[in-house]
Amino acid sequence: MSRPTGRVLTLLELLQSGGIRTVAELAEKLGVDGRTVRRYVDHLVDLDVPVEAVRGRYGGYRLAPGYRLPPLMLSDEEALAALLGLVAGRRAGLMTAADTASETAAAKIRRVLPERLAHRLDAVLDSLAFTAPPGESATPDAEVLLTVADAARHRRPVSIRYVDREGRRSERPLHVYGIVAHAGRWYVTGAVPGTGEDRTGTGEDRTFRLDRIEGVRNLPGSFEVPDGVDPAERVLAGLATAPYRYEVTLRIQGTAEQIRARLPASVATLEELGPESEAGTDPAAEPWLRVEVRAERLDWLPPVLASLDRPFVIERPDELRDLVGEFADRIASWARRT
């Protein structure tokens, strides 16, 4: 921007991004000298924008902590990112409040945008279509999410009031390791102390749906997260081993990558058996893997196995063997049609 007013607004945007900005850094960003930067800062102070000068070797300028600017200053790209994020989050079921909250937030952003930019963004939103159906509406309470996240960050134990899938209510302590968003839902994973021991000796591994937590309160004390804990991996493993109506065991020949393309970690567990399990001792043969799947229904598995296009053996249940045979017969009959 060549006009001083434009540079002052750019300076304000740079300070809004947080942290301390040195005079040299600001001068380079604005294309001016240090003396001019100080003059622009004086302009902001005259407009009652609380810019603080930080002295010292690493000093510079920053906005006063907690200050909120009345106008919403977004570039075209930032405004598009904010609105698309709200729309996509609502569609994916990852909003942390009722749909009305995301709608009113989008409306507020839309209302303060320049008319030219607002019309352009309206054109994007009006022409936008999604290939996937909307996510489920079960969303966690915002206060629950914030409290749990704060507990994870500061390693503080909490007590949660939880409602399970059968509607049973309970209250239990939890050491929160992390929060995971997966397939349109929010999950919290951690250890429940005093109910057993996981592999690290810190308590029983547990994963809970955030939308089923009715309340949470902080407990005294602190805890340490075991080394090597991956919250996302724990959630996926917990989903794959959760109790379901059917326990399916298969042997499939192929690599883990080939099988994971159709049966991800949230659906199935894999165990390598080696080539000798089905193909003798031929070292060139691809390995066989034992695949365990837990499911409420079996009808989705035959087309998944067909799409893998790999040799497989059904160990259990017998119902799946019948369903695969029926599926194969249907495909063969359709292929013979002229």
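**Before starting.** This is a predicted model, in which local features need pLDDT of at least 70, side-chain atom pairs count only at pLDDT 80 or more, and totals for chains, interfaces and linings use all residues. Residues are numbered from 1 along each chain as its sequence is written, and side-chain values use heavy atoms, with hydrogens and water left out.

**The whole protein.** Display the cartoon first. The secondary structure comprises 12 helices and 11 strands; helices (H or I, at least four residues) and strands (E, at least two) are DSSP runs, numbered from the N terminus. Of the 338 residues, 35% count as buried. Here buried means under 20% relative accessible area, exposed means over 50%, and partly exposed lies in between (1.4 Å probe, protein chains only). Contact means heavy atoms within 4.5 Å. Among the contacts with a separation of 6 or more, 61% are between residues 24 or more positions apart.

**Helix α12.** Select residues 318-335. The 18 residues of this helix should span 26 Å at 1.5 Å a residue, and its end C-alpha atoms are 26 Å apart, which agrees; the expected span is 1.5 Å times one less than the number of residues. Next, show the side chains of L320, V324 and F327, the buried residues of α12. They cover an arc of only 65° around the axis, which puts them on the same side of α12; the arc is that of the directions from the helix axis to the C-beta atoms. An α-helix has 3.6 residues a turn, so residues three or four places apart point the same way. The face turned away from the buried side carries the exposed residues D318 and D329.

**Helix α3.** Move to residues 34-46. The buried residues of α3 are G34, T36, V37, Y40, V41 and L44. They cover an arc of only 155° around the axis, which places them on the same side of α3. Their cover includes α1 (4-16), α2 (23-30), β1 (51-54) and β2 (60-63). After the helix comes D48, whose phi is positive, near 65°.

**Salt bridges.** A search of the whole structure finds 13 salt bridges, each a side-chain nitrogen of Lys or Arg within 4 Å of a carboxyl oxygen of Asp or Glu. Select D205 and R234, whose closest N and O atoms are 2.5 Å apart in a salt bridge. D205 lies in strand β6 (residues 204-209) and R234 in helix α8 (residues 231-241), so the pair ties together parts that are 29 residues apart in sequence. D205 is partly exposed, at 31% relative accessibility, whereas R234 is buried, at 9%. Continue to R209 and D211, whose side chains meet in a salt bridge (2.9 Å, N to O). Finally, show R251, R290 and E315, which are linked in a network of salt bridges.

**The last stop.** Select F130, in the loop between α6 (115-127) and α7 (142-154). F130 is partly exposed, with a relative accessible area of 37%.
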